[in-house]
Amino acid sequence: MSAGRAANHLSIALSSGFRSEREMDSAPALLTSYKMGQFNLEHRVVLAPLTRCRAYGNVPQPAHMSLYYCQRAMPGGFLISEACAVSETARGSQDVPGLWADEQVEAWKPIVRAVHAKGAVFFAQLWHAGRASLLEWQPNGQAPVSSTDKSADIYPVPRRLETEEIPHIVDDFRISARNAIRAGFDGVEIHAANGYLFDQFMKDGTNDRDDAYGGTLENRCRFTAEVVAAVAAEVGADRLGIRLSPFTDYIDCSDSDPETLALHVILHILNPIGMLYCHMLEPRMRVNPDDGKLTLPHMLLPFRKAFRGTFIVCGGYDREEGDAAIASGYGDLVAYGRLFIANPDLPTRFARNAELNKYDRSTFYTSDPVIGYIDYPFLDQL
């Protein structure tokens, strides 16, 4: 996100009259406390869900994963786990953790206990990659499943799910949500963004079905609605969040009317059950064909206004931009990814306005349990 986008956030949100200038001047908004349902947070800086590929054989590794998450935990902090596959067919990367088997639940327990010992709130993100998977990550090398049989990007041709199979995928999410609570997590986030299975159903650029899960907006959102209802019934809506990216076109997954799509999800699926939070990705900036300048054609403000619970924004924010977003009322919390990877003490650095470590992209998805994972220095080590 650029400084121009931050200014745009601030001006648009201020015009909506969320907070007065006097209120914004009283304290750095990003570092103020916040009550998210039953959870008391000491600041607004959230660890975004980040695939790290260090759960060998899809089993969490307490030896290094406990340290990784504990480095980023502090009293009153809010952490969202890396994406956890809900079944063997849900995997979209190598060595990602799962929450479909007892072995995985038991392996997560000491990690979650360690985070809680640091005083942080910890949610598990539940994930199904759909067609964004390789044959080598699928049971017996079978084709990945999706809403469609159209392939995307570098991925193989998927198998279109039969109508009668979809309730089984819904149940995978319900069972994994139950497993997350068994493992000790405080709640779960449904990963319905980034071109994965939910996007493949919801967005009309991908969904070409002619059954009850395709065609109309309501039908395309039916799978999402069923999973949300099932997981809410299992763990409670007060322990449930969702991640959405209506404006992105990740993995060849786009929609002709993303604003209407997102508002439908919020107004007809999330609000009626009283979902705890909505976590939404900022749209990408575009080049204006008239003047060649970068512009932001869409904003999250309509969704922030429509959603009744906690609204989390995410998308390349820095300290100043995150503070502006909170101060203006554009969001309640800001999720940080790359900056949190490289700066395990990110909230402390923000509080002191200290220099940040630079991240190394080449180590984001490697399997090394130390390098690029738990070896970034804290301020007191510099």
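The side chains of Arg-349 and Asp-345 meet in a salt bridge, with 2.7 Å from N to O (a salt bridge is a side-chain nitrogen of Lys or Arg within 4 Å of a carboxyl oxygen of Asp or Glu). Both Arg-349 and Asp-345 are buried, meaning under 20% relative accessible area, whereas exposed is over 50% and partly exposed lies in between (1.4 Å probe, protein chains only).

Keep in mind that this is a predicted model, where local features need pLDDT of at least 70, side-chain atom pairs count only at pLDDT 80 or more, and totals for chains, interfaces and linings use all residues. Residues are numbered from 1 along each chain as its sequence is written, and side-chain values use heavy atoms, with hydrogens and water left out.

**More on the salt bridges**

- The structure holds 14 salt bridges.
- Salt bridges with shared partners put Asp-171, Arg-174, Arg-178 and Glu-234 into one network.
- Arg-209 has a salt bridge to Asp-211, and their closest N and O atoms are 2.8 Å apart; Arg-209 and Asp-211 are both buried.
- Asp-332 pairs up with Arg-304 in another salt bridge, the closest N and O atoms being 2.8 Å apart.
- Asp-332 sits in the loop between helix 11 (319-328) and strand 14 (333-336), while Arg-304 sits in helix 10 (residues 301-306), so the pair ties together parts that are 28 residues apart in sequence.
- Helices (H or I, at least four residues) and strands (E, at least two) are DSSP runs, numbered from the N terminus.
- Asp-332 is buried, at a relative accessible area of 7%, and Arg-304 also counts as buried, at 11%.

- Strand 4 (residues 78-85) and strand 5 (residues 121-127) run parallel, joined by 6 bridges.
- Across from Phe-78 you'll find Val-121 in strand 5.

**Aromatic rings**

- Rings of Phe, Tyr and Trp (its six-membered ring) pair if their centres lie within 6.5 Å; planes under 30 degrees apart count as stacked, over 60 as edge-to-face and the rest as tilted.
- By that rule, there are 20 aromatic pairs.
- Phe-78 and Tyr-277 make an edge-to-face pair, because their ring centres are 5.8 Å apart and their planes are at 80°.
- This pair links distant parts of the chain, from Phe-78 in strand 4 to Tyr-277 in strand 10 (residues 277-281), 199 residues apart.
- Phe-78 is buried at 2% relative accessible area, and Tyr-277 is buried at 0%.
- Trp-127 and Tyr-196 are also edge-to-face, because their ring centres lie 5.4 Å apart with planes at 80°.
- Here the link runs from Trp-127 in strand 5 to Tyr-196 in the loop between strand 8 (187-192) and helix 6 (197-202), 69 residues apart; Trp-127 and Tyr-196 are both buried.
- Ring pairs also gather Tyr-68, Tyr-69, Trp-108, Phe-122, Phe-185 and Tyr-373 into a cluster.

Definitions and conventions: Two strands pair if DSSP finds at least two bridges between them.
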